[in-house]
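Subject: Structure handover

Hello,

Here is the structure you were expecting. My notes on it follow below.

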Amino acid sequence: MTVLQDLKYRQWFRGADVDGDGFITQRDVRLMSERYIAARGAAADAATAHRLTEGMDAFWSNVIAPMDQDGDGKVDLREMTDGFRRVLTDPALYPQQIERVTDCFLDLSDLDADGKIDQVEFRQIFASVADVPSEDCAAVFAALDLDGSGTLDRAEFHKAVAEFFYGDDPDAPANHLFGRLAE
């Protein structure tokens with residue numbers, strides 16, 4: 001794993017540690033989805049909210065929980081970084097590892113149901129779920145909008161998420177998907 005990937009994973013960890021206790025637990029993962037569902041104004045029993053909760057539970061079970069090296073039910077930064085180093089090695093595995101949760105967030109973010117995310121929708125998801133400052137969201141969104149359409153379609157959004165978790169290009173705009181990287 002490179003220094004860049006380490007920075008990205010650390011940034012993601014800060015957003016995923018919702019309660020700020022230095023660990024990611026199943027509760028943190030649930031809180032991420034609940035926070036977004038509430039910000040979106042979706043009913044907890046809505047189909048997309050249910051899909052998001054299921055997807056986040058699967059993300060916890062299949063990706064995060066196996067990183068718990070000491071079996072205490074929580075994952076610290078070292079365990080998560082070691083786990084990402086082991087698990088997120090092959091972008092070809094993106095569909096099994098991350099795609100389902102990304103699709104759920106995209107569907108919930110798409111307020112006008114046009115199949116795309118505009119800048120307002122993008123800011124809502126990242127400000128709500130990962131506490132990314134609005135100015136960071138605007139800059140990242142502009143860089144990720146590869147075709148200059150003013151929206152991110154499903155392919156652009158998936159490309160950004162895959163680049164964040166698997167990529168090592170220091171100039172990739174997706175590096176800052178979860179906020180500006182802090183050294």
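Helix H1 (3–16), helix H3 (47–64) and helix H8 (154–166) are among the elements that cover the buried residues of helix H4. Please keep in mind that this is a predicted model.

Helix H4 spans residues 77–87, and its buried residues are Glu79, Met80, Thr81, Gly83 and Phe84. Where H4 starts, the backbone nitrogen of Arg78 has a side-chain oxygen of Asp76 within 3.2 Å.

The largest nonpolar core counts 49 residues, and Trp12, Ile64, Phe84, Phe122 and Phe165 have the most contacts inside it. Two or more residues of this core come from each of H1, H2, H3, H4, H5, helix H6 (119–130), helix H7 (134–144) and H8. Setting aside residues up to four places away in sequence, Phe84 touches Tyr9, Trp12, Val63, Ile64, Met67 and Phe165.

Two other residues deserve a look.

Asp28 is part of helix H2 (residues 26–40). Asp28 is buried but forms no salt bridge, and Arg27, the nearest side chain of opposite charge, is 6.7 Å away. Apart from neighbours within four places in sequence, the contacts of Asp28 are Ala16, Asp17, Val18, Asp19, Asp21 and Phe23.

Ala113 is in the loop that runs between helix H5 (94–109) and strand E1 (116–118). Ala113 is not a glycine, yet its phi is positive, at about 55 degrees. Is Ala113 buried or exposed? Ala113 counts as exposed because its relative accessibility is 65%, and the cut-off for exposed is over 50%.

Regards

Terms used:
Residues numbered from 1 in each chain as written. Predicted model: local features only at pLDDT ≥ 70, side-chain atom pairs only at ≥ 80, totals over all residues. Heavy atoms only, no water. Buried < 20%, exposed > 50% of the residue type's maximum accessible area, 1.4 Å probe, protein only. Helix = DSSP H or I, 4+ residues; strand = E, 2+ residues; numbered from the N terminus. Contact = heavy atoms within 4.5 Å. Polar contact = N/O pair within 3.5 Å; in protein donor to acceptor, adjacent residues only side chain to side chain. Lys, Arg positive; Asp, Glu negative; His and termini not counted. Salt bridge = Lys/Arg side-chain N within 4 Å of Asp/Glu carboxyl O. Core = buried A, V, L, I, M, F, W, Y, C linked by side-chain atoms within 4.5 Å.
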